[in-house]
Amino acid sequence: MQAIVPYAPGGSIDVMTRAVMAELSKALNRNIVVDNRPGASGMIGTEIFTKLEPDGHTLLGHTSSYTGTAAVRAKLPFDPARAIVPVAGIGKSSLVMVVHPSLPVKNVKEFIELAKKNPGKLNYGSSGIGGNNHFSGALFDLAAGTKMIHVPYKGISLAMTAVASGEVEVVIASSAAVNPQLRAGRVRALGMSGTKPSPLLPNLPSLAQSGVPGYEYELWWALFAPAGISAERLNFLNSTINKLLNAPELKRFLEQESAEPWIATPQQLANLLPNEIERYRKVAKAAGIPLQ
């Protein structure tokens with residue numbers, strides 16, 4: 001068996017795919033090779049994967065940034081919503097909204113009031129156009145009725161440095177990305193993007209509960225197969241991986257990565273891609289995010 005990761009080594013989906021494949025290799029008593037095929041924000045490796053036989057012996061590790069990227073691509077050589085199908089989840093994580101400490105706000109409601117009084121004057125940083133942090137900020141603007149300015153950086157670490165230095169006022173990013181600056185006291189956390197407080201962030205309210213009703217944005221990591229995989233093979237892989245996610249090794253690993261295990265059936269995952277891509281297309285259109 002093998003797994004393809006359509007991103008460079010060292011990123012979250014690479015690390016998570018390798019962790020799950022190591023446990024799956026033990027469970028199946030088979031060697032599993034992980035092959036990184038980066039390029040075009042994950043689209044090159046995904047295209048290669050769509051051309052493989054759907055025998056379930058090669059899996060694809062992907063992350064929620066895929067659906068955002070697909071939503072703003074004018075044209076792709078494959079159907080991003082249908083050419084691959086979810087096999088199993090790996091993990092989920094909320095994003096955290098952080099601001100520079102000099103900003104005179106202590107909670108989300110105060111931030112919204114400030115932003116509405118100063119339309120077009122507050123800046124939010126992101127890891128780049130069409131990425132998770134871009135969409136999460138654009139979605140916040142739409143849901144809260146605010147108007148911030150998007151400032152893209154070449155990676156989330158640079159965006160976090162920018163908010164810590166006061167170059168931008170706000171960033172909405174993963175726990176893993178914000179924790180170093182948060183622990184150092186260089187940024188202030190206002191809320192998280194899940195529908196309810198996370199056990200990993202027990203003292204932080206959700207944005208939906210704090211003045212932005214209906215706001216929801218979660219990062220996810222999952223495994224996929226080429227379209228056409230048999231139901232028997234799909235169900236076998238799903239149940240096997242779900243058991244591994246319930247075991248102490250992967251639970252401990254995911255907690256270290258600031259994520260929670262994502263255990264779901266093939267039926268629960270079936271509409272993940274079409275629903276999310278359509279959602280982000282609507283957000284992109286409303287927010288004026290251009291097609292690439």
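Reader: How many residues does helix α1 have?

Author: This is a predicted model, in which local features need pLDDT of at least 70, side-chain atom pairs count only at pLDDT 80 or more, and totals for chains, interfaces and linings use all residues. Residues are numbered from 1 along each chain as its sequence is written, and side-chain values use heavy atoms, leaving out hydrogens and water. Helix α1 runs over residues 12–28 and reaches 24 Å from its first C-alpha to its last, close to the 24 Å expected at 1.5 Å a residue (1.5 Å times one less than the number of residues). Its residue count is 17.

Reader: How many helices and strands does the protein have?

Author: Helices (H or I, at least four residues) and strands (E, at least two) are DSSP runs, numbered from the N terminus. The secondary structure comes to 11 helices and 10 strands.

Reader: Why is the protein as compact as a globular protein of that length?

Author: The radius of gyration is taken over C-alpha atoms, and the globule rule is 2.2 Å times the number of residues to the power 0.38. For 292 residues the rule gives 19 Å. The protein is as compact as a globular protein of that length because its radius of gyration is close to that, at 19 Å.

Reader: What percentage of the residues is buried?

Author: Buried means under 20% relative accessible area, exposed over 50%, partly exposed in between (1.4 Å probe, protein chains only). Of the 292 residues in the protein, the buried ones make up 54%.

Reader: Is D14 buried or exposed?

Author: D14 sits in helix α1. Contact means heavy atoms within 4.5 Å. Leaving aside neighbours within four places in sequence, D14 is in contact with V5, A8, P9, V34 and N36. With a relative accessible area of 4%, D14 is buried.

Reader: Which residue follows α1, and what is its phi?

Author: Most residues other than glycine have a negative phi. The residue after α1 has a positive one. It lies in the loop between α1 and β2 (33–36), and it is exposed, with a relative accessible area of 69%. The residue is N29, with phi near 55°.

Reader: What is the phi of S41?

Author: S41 lies in the loop between β2 and α2 (43–50). It is partly exposed, with a relative accessible area of 43%. Its phi is positive, in a residue other than glycine, and near 55°.

Reader: How far apart in space are E218 and M192?

Author: E218 is in strand β9 (residues 218–226) and is partly exposed, at 25% relative accessible area. E218 and M192 are 26 residues apart in sequence. C-alpha to C-alpha, they are 9.4 Å apart.

Reader: What separates the C-alpha atoms of H100 and E167?

Author: H100 is in the loop between β4 (84–99) and α4 (108–117), and it counts as buried at 17% relative accessibility. Beyond four places away in sequence, the residues it touches include G166 and V168. H100 and E167 are 67 residues apart along the chain. Their C-alpha atoms are separated by 8.9 Å.
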